[in-house]
Amino acid sequence: MDKIDRMRAFALVAKNASFTAAAQRLGKSARLVSKYVADLEDALGVQLLNRTTRSVSLTDAGATYLTMCEPLLDGFDELEETVRNAQTSLQGVIRISAPTGFGSVRLAPSLAAFATLHPEVEIDLQLSDLRVSIIEEGLDLAVRIGPMRDSSLKIRQLGPMPLIICAAPAYLARAGVPQHPLELANHDCILDGNMSEPALWRFSIDGEDVAVQVSGRLKANAPAASAQLAVSGAAIARCPAYTVARELKSGALVELFSDHRVTPYVVAALFPQNRRLTTRVRALIDHLAGDELICNAGV
């Protein structure tokens, strides 16, 4: 039995807090994965995991071992992939997390183009408007929009993402066209709970960053939903540009305060600090950075 197999089994059990989940990831039985971990503990002479009928958790020794063995496993995988790819095309699975709307509208076509270029690469795209943990979920990278606050992750910026204040002509005809951002306090606004400050909308006014407190009866937790509520004429919305680009072109929505846009959000690829990027993941990030769908997503 190879020590690498034992280490990999232990790492997956630790990250998933489950022998069953680790076994599914490895394509082996839970009994065999349990044996791998037990043999590793015997060889080391320490207990790495606390086991009960309901849970699995790391011991102090297990936490230390996990921290040190993960870079070794990543390095081993990269070594194998580098040698293999020196003679063959890119291959293997890339697991990606992305916001639901952006992942469907912009990222999916870009991934399809990458998959066409590299037919031996498998793409596992997982869409969620929650900020999932890349490490805990066993992901290779995440594509995110907005302020990048997680210091445990490396970030590669892919492009800008302006935030657009907009409303339907029907709403503006009914409620009037606000002439200044401060007038938004007297309008119905759609609050996007997926943003860090749903009720504080920021503008650049006379060179200064000004926060305007807004309110409204409508709330959503995804920008695509906010955009569609705005199209219906219900209220004014603040949306990432990609969600309303088509509606702005067709006239279904009208942009407000284009002269007062704040510094845009960014679209970025995030990946763990302590993990070496495999060749295929690095190639995908380079592809995304050069794709107009992604790096010019605000258009």
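**Exercise 1. Classify Cys239 as buried or exposed, and state whether Cys239 is in a disulfide.**

Step 1. Cys239 has a relative accessibility of 0% and therefore counts as buried. The classes are: buried under 20% relative accessible area, exposed over 50%, and partly exposed in between, computed with a 1.4 Å probe on protein chains only.

Step 2. This is a predicted model, in which local features need pLDDT of at least 70 and side-chain atom pairs count only at pLDDT 80 or more, while totals for chains, interfaces and linings use all residues. Residues are numbered from 1 along each chain as its sequence is written, and side-chain values use heavy atoms, with hydrogens and water left out.

Step 3. A disulfide is a pair of cysteine sulfur atoms within 2.5 Å. A search of the whole structure gives 0 disulfides. For Cys239, the nearest cysteine sulfur is that of Cys166, 4.6 Å away, and Cys239 is in no disulfide.

**Exercise 2. Find which cysteine sulfur is nearest to that of Cys189, and how far away.**

Step 1. The search of the whole structure finds 0 disulfides. The nearest cysteine sulfur to Cys189 belongs to Cys166, at 11 Å, and Cys189 is in no disulfide.

Step 2. Cys189 is buried, at a relative accessible area of 1%.

**Exercise 3. Determine which residue forms a salt bridge with Glu70, and where the two lie in the chain.**

Step 1. A salt bridge is a side-chain nitrogen of Lys or Arg within 4 Å of a carboxyl oxygen of Asp or Glu. The structure holds 6 of them.

Step 2. The partner of Glu70 is Lys15, with 3.3 Å between the closest N and O atoms. This pair links distant parts of the chain, 55 residues apart: Glu70 is in helix H4 (residues 60-87) and Lys15 in helix H1 (residues 3-16). Helices (H or I, at least four residues) and strands (E, at least two) are DSSP runs, numbered from the N terminus.

Step 3. Glu70 is buried, with a relative accessible area of 15%, whereas Lys15 is partly exposed at 23%.
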